[in-house]
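Good morning, and thank you for coming.

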Amino acid sequence: MGLEYVRISPGFEKYMPRDYVDLVKFGQFGREVDVMQLGQFKELVEEHPMCAGCYMAYFIRIFYAALPKPEDTIVLGTAGCARLALSQAAVPFIYGNYGDTNAVASGLKRALSIRFPDKDKDVVVIAGDGGLMDIGFGMTMHSWFRKEKFTTIMVDNEVYGNTGGQESGMSPKGVQLKMAPLGKKFEKINAVQLAIDSGCVYVAKISPTNPKRIAKVIRRAIFAARKFGPTFIHAYTSCNIEYSIPTREVLADARKREKEDFKFFEWMTDEVKEFLEEIERKEKEKKKQEVKS
Amino acid sequence: MYFVAHVHENECAKYNCKQCVLFCPEPNCLNYKESGHTAWVWTDRCKGCEICVYVCSDLLKRNCIEMVMVKAGD
């Protein structure tokens, strides 16, 4: 971790893979990029084996572009689709056992704050609905009860997509899946309300239809977690395979769901609101000065 | 032989929009060059999902991207 870790030793540039050299020369390390500049810099995440048109992959792409300090970030994931792309990025990635991501993240964040007391080291958990709300439910909830200072992002595809389409706690009521032919009999878990009641200081629910907004939410969640406590983002990232969405219609589906049950929602405590407004005001001033100069 | 996106650069350069680049799920697959004000596809990275075509043709009605067949080695 840190910029020294990323730099290529002098004289070794010509032996390094092209993608790595591009990453150091034109990447995000050590400079702030705006998510609207995507396509004009080398991204942290590389080619990954996720399905064509997967919107979880899209969310992860925006997530890496939005990271405020990639050189000081550790990402944790678990079994599920998301790990396929997370493990292909130039940010340290820890692969937990199924369900224990938030327990691992708790220990990691505490260790980092002892080892680097004067630096902000961000720990972010990205796992699916199975990893956080079904199998990892206990550890997710207890990390929130203990007010651990890291960000949890749930990429909710509403199904166990890797193992053939079993229903999860987050599948909507009545939905028929390959391994749930009778239709789901129970309601979708209200993860956002659970997070608010369990002590998260910043909670958001989002459908990936607006990259600028996704980046803003992710940055807010990470900044709030540095100082105040647990933060949670619930993102809708459809599974176009298990829900049989034609790849061309994936964005249309995200827009449709945004109008229905994934309306943008953001909740934070008053002190977090004050803190974030202060940070965003400073960022705006900095940008204005850059434009002037 | 597989399906990839192809940007008609002359058409694309008329608009300064970049929306397809912002909605592609693959990293560094659809890129943008400042010099020609146009998007371009890194063909090796394209999985052929057509989300860019949806954005360009269905949402924005600009019809600058089309899907084409390429052979290995193209």
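Contact, as I use the word, means heavy atoms within 4.5 Å. On that basis, 26 residues of chain B are in contact with 35 residues of chain A. Please note that this is a predicted model, in which local features need pLDDT of at least 70, side-chain atom pairs count only at pLDDT 80 or more, and totals for chains, interfaces and linings use all residues. Residues are numbered from 1 along each chain as its sequence is written, chains are lettered from A and ligands numbered from 1 in the order in which they are written, and side-chain values use heavy atoms, with hydrogens and water left out.

Let me continue with the interface. Buried area is the accessible area (1.4 Å probe) that two parts lose on being put together, summed over both. Between chain B and chain A it is about 2,400 Å², and carbon and sulfur atoms give 50% of that. Of the area that chain B buries against chain A, 24% is supplied by B:L22, B:F23 and B:Y54, more than by any other three residues. There are 4 salt bridges between the two chains, a salt bridge being a side-chain nitrogen of Lys or Arg within 4 Å of a carboxyl oxygen of Asp or Glu. A:R248 forms a salt bridge with B:E50, with the closest N and O atoms 3.3 Å apart.

I turn now to the spaces. On a 1 Å grid over the protein atoms alone, a cavity is a set of points where a 1.4 Å probe fits but cannot get out; a pocket is an open set with protein on both sides within 12 Å along at least five of seven lines; lining residues have an atom within 4 Å of a point. Grid points are joined across faces, edges and corners, and a volume is the space filled by probe spheres set on the points.

The largest pocket has a volume of about 840 Å³. Its lining comprises 20 residues, with A:E32, A:D34, A:R219, A:E283 and A:K287 nearest the centre.

Finally, the largest cavity holds about 90 Å³ of space. Of its 13 lining residues, B:C24, B:C29, B:C46, B:C49 and B:C52 are the closest to its centre.
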